[in-house]
Amino acid sequence: MEQQEDPEFMPLTDSSGVSQQKHEALMTQLDAQKKAKTLQIPTEDKEVKYKLRAIGEPVCLFGEGPAERRDRLRFFLSNLDEKEAIKVLTAKASVHEKVVTTSKREIFYTEGSKELKKIREWLITYSIPRSQYRLVHTQAKRKRDESDADREAEDAQDKYYEESDKALRDFGLVGTVRGDERPLSSVKYTPDGKHLLTSSWTGQAKVWEADTQKHVMTLRGHKDRCNDVIVTPNTAPKRMFATSSADKTVRLYGEDGVSVSTLEGHLARVNRLDFHPSGRLLASASHDASWKLWDVERGTELMDQEGHSRAVHDVKFDTDGGLAVSVGYDVYGRLWDLRTGSNIMVFDGHVKPVVSASFHPNGGYIITGSEDHTAKVWDLRKRRCMYTILAHSAMITNVSYFPSDPVWFTKGEVSSDVFSSEFLLTSSIDGTCKVWSGRDFSHVKTLATPGEKIMSADVNTKLGQIATAHYDRNLRVWGPEGYA
């Protein structure tokens, strides 16, 4: 006797059945990805190998590094039942493995040299007085504000903010220059505001006059694309340039643009650089999952800082010179105390690689930019993210605070000590560079070049300019209406 079909349910066609199976497979894959993000995978390589052995997987594959091994463990655990995954993660090593581990103890921090110890001692004497000076002035200003005894500073601050906000809203394109024969990778203003620096995929970096965008000189020497170019701060004993490259090296140049030394030691491409406020030290971030500290005068490596599990893209010093922040492709940012070498804070909140970071001039905040299209502002005192800016529709390439000195409106009438950084700058490959209020993080101005990826951006508060470096090889300069 033939089985009758239920009239309330129609059987699926073959194509519909296949589509349903594909949908279920995709949903299972998405659930596994979500689960994988929540798993707390060990960071030490020996622990990762032990966990892989516990679930019956090879502890090492040919050509596999620690980061890939950690991702493989995450993948396998995400496909296990939640209870089983937790059981594997919380399991302790056997007695035999404990003996092996003890006999071959792994040091998390790289052992430092005698030169590094001397530098750490010098950093204490350099940074603490600067921090004390800043805190004394901050506390004095807070007391004035609370007592209403002196309204001059607050009135000047409000005037600065209002006039700056008004001028920024009138910004427009005032100049375009072909920067090089290949895409530009970064743009920086010199601290005195007189020159612009650009780097490009040709392997060269160039120096330009800030007000006329006239080419001054070219920094040569790299064998692969140049990723960043910076100059020493005004407080440095002498002016020097530094460039980083995909050829795994950092080059130092004298004021005349002649290469004076090549810093070698990284195992992969070198990304972004930063000079210490003293000009004595240089930090470099690399795709080898580390950042290095260099002695500029001697051209020697002082420290190879581990801590990230993937490529490190940016590293920055704070204004006092005692701290540094590093961000990378492992979606984390890390705050380091240079005087002790300890990692004192982890910035956990982005869901994609973090590619840029910047300290607030007062040292109390850090802003980070990520491939997840957001910029996050972190409060170092409260140790948490205080605000997330939904900044762009594509990967952010650069974030920075405006320098804490008066813009062109003040004409030198008010001391720069009065001002704090009131604005933020972000750029993205979505073709926009945006200015945000540092008070309430509201949007102030968008500088748009539709279809042209912006690789980097910087602000010159002395001339009232913003410069952007583009993938289309052009350097663009923005200013208030009528500036050109």
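In what order do the four strands of the open sheet run, and is their pairing parallel or antiparallel? The order is β22-β23-β24-β25, and the pairing is antiparallel. Strands here are DSSP runs of E with at least two residues, helices are runs of H or I with at least four residues, and both are numbered from the N terminus. Two strands pair if DSSP finds at least two bridges between them. The edge strands are β22 (396-401) and β25 (443-448), and each pairs on one side only. Five bridges join β22 to β23 (residues 423-428). Within this antiparallel pair, I396 stands opposite S428.

The model is predicted, so local features need pLDDT of at least 70 and side-chain atom pairs count only at pLDDT 80 or more, while totals for chains, interfaces and linings use all residues. Residues are numbered from 1 along each chain as its sequence is written, and side-chain values use heavy atoms, without hydrogens or water.

The nonpolar cores were examined next. A nonpolar core is a set of buried Ala, Val, Leu, Ile, Met, Phe, Trp, Tyr and Cys residues joined through side-chain atoms within 4.5 Å. Buried means under 20% relative accessible area, exposed means over 50%, and partly exposed lies in between (1.4 Å probe, protein chains only). The largest core has 16 residues. Those with the most contacts inside it are L281, W291, L293, F317 and L338. At least two residues of this core come from each of α6 (114-147), β11 (281-286), β12 (291-295), β13 (300-305) and β14 (312-317). Leaving aside neighbours within four places in sequence, L338 is in contact (heavy atoms within 4.5 Å) with R120, L123, W291, F317, G321, G322, L323 and A324. Another core, of 15 residues, lies apart from the largest one. Among its members are F423, L447, V459 and I466.

Aromatic pairs were then counted. Rings of Phe, Tyr and Trp (its six-membered ring) pair if their centres lie within 6.5 Å; planes under 30 degrees apart count as stacked, over 60 as edge-to-face and the rest as tilted. The count comes to seven aromatic pairs. F347 and W378 form a tilted pair, 5.2 Å centre to centre, with 55° between the planes. F347 lies in β17 (residues 342-348) and W378 in β20 (residues 375-379), 31 residues apart. Both residues are buried. F402 and F423 also form a tilted pair, at 5.6 Å and 50°. F402 is in the loop between β22 and β23, and F423 is in β23. Both F402 and F423 are buried.
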